[in-house]
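Hi everyone, thanks for coming. Let me put the model up, and then I'll walk you through a few things in it.

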Amino acid sequence: MIKLKDPFGGIILNVAFRALVPFTIVYGIYVLCLGEFSPGGGFQAGALLSVGVLLARLILGSDAKFNIAGQTSIVMAGLGTFLYAFTGWLTLFGGADYFLDYNYMPVHLEPAHEMHALAIFMIEIGVAICVMMTIINLLDSIVKMGDDDGRTE
Amino acid sequence: MRGLVAVILAVITATFCSVVPNLPAIGDANSAPNRHVTPTFIERSAEDTGSPNIVTGVIIDYRGFDTMWETSVMFLAGLTTVLILTRNPVGRRPEEENVAEAGTVIK
């Protein structure tokens with residue numbers, strides 16, 4: 001059973017995907033930041049970022065730099081969801097009558113579009129973190145079924 | 001009981017299938033959803049939300065509350081999958097033999 005603690009694959013995976021990982025992560029961040037202006041956004045960026053992290057783990061095992069696994073990813077997924085709701089609360093603190101009314105972000109920017117842009121960007125970061133960590137979670141939990149004690153590390 | 005469920009499912013499926021010929025054609029400008037709020041979104045999206053991308057404007061700004069719970073549902077689905085698939089004994093119901101043993105202790 002695959003455990004993903006140890007690297008597997010050999011030289012082809014190692015050489016081919018090692019070059020792919022940084023570009024995948026950079027492209028994920030690009031899709032996240034340009035989601036407001038072009039097709040893309042939080043959900044797609046989260047999927048791309050999770051692919052980058054998982055590829056790094058396939059190549060290097062648990063020695064990978066961005067090795068987010070186990071309970072960390074569960075907590076981060078919750079934090080991503082919280083960031084979305086927190087943006088809604090920020091607008092309430094700014095004096096809005098309705099949840100997620102971006103005209104009342106507590107920072108003042110001219111014109112009002114800019115406050116919308118800031119809130120949309122915060123929300124997309126939250127969605128991207130949640131999607132990324134949830135996908136890592138799913139793979140982790142499926143893979144860990146093969147472990148003997150089944151505990152997260 | 002199982003036969004009744006099958007009949008109910010067959011009726012629902014037949015109803016859904018019978019509706020398909022009456023659906024509006026794809027891209028029909030006069031269909032009900034295209035006449036309701038869509039023109040407003042297309043006209044006012046850039047001005048209201050500040051986003052040149054209408055899709056982002058709709059899902060994050062006009063429908064922001066919906067997207068928030070969508071994200072929450074996805075987080076909870078992932079969390080539930082982890083809880084089901086992880087064989088962590090903490091918080092689990094006792095296995096069958098343990099239940100039997102506990103029963104004998106109570107007796």
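Predicted model: local features only at pLDDT ≥ 70, side-chain atom pairs only at ≥ 80, totals over all residues.

Residues are numbered from 1 along each chain as its sequence is written, and chains are lettered from A and ligands numbered from 1 in the order in which they are written.

B:Arg44 sits in helix α3 of chain B, residues 38-49. Helices here are DSSP runs of H or I with at least four residues, numbered from the N terminus. Between B:Arg44 and B:Ile54 there are 9.4 Å in space, C-alpha to C-alpha, and the two are 10 residues apart in sequence.

Now to where the chains meet. Chain A puts 34 residues into the contact and chain B puts in 23 residues; contact means C-beta atoms, placed from the backbone, within 7 Å. On the chain A side, α4(A) gives the most, with 15 residues.

Let's zoom in on one helix pair. Helix α3 of chain A (residues 71-93) packs against helix α5 of chain B (residues 64-85) at an angle of about 165°, the axes being 10 Å apart. Axes are lines fitted to C-alpha atoms over the stretch in contact, and angles run from 0 to 180 degrees between N-to-C directions. The two helices are therefore roughly antiparallel, the label for angles over 145 degrees. Among the residues that meet are A:Ala77 and A:Thr81 from α3(A), and B:Thr71 and B:Phe75 from α5(B).

Those four turn up again around A:Cys130. Leaving aside neighbours within four places in sequence, A:Cys130 is in contact with A:Gly46, A:Ala77, A:Gly80, A:Thr81, B:Thr71, B:Met74 and B:Phe75.

A:Cys130 also takes us to the largest nonpolar core, which has 38 residues; A:Cys130 is one of those with the most contacts inside it, including A:Val127 and A:Met132. A core here is a set of buried Ala, Val, Leu, Ile, Met, Phe, Trp, Tyr and Cys residues joined through C-beta atoms within 7 Å. Its largest share, 14 residues, comes from α4(A).

Notes
Parallel < 35°, antiparallel > 145°, perpendicular 65-115°, else oblique. Contact = placed C-beta atoms within 7 Å. Buried ≥ 20, exposed ≤ 12 C-beta atoms within 10 Å, placed from the backbone.
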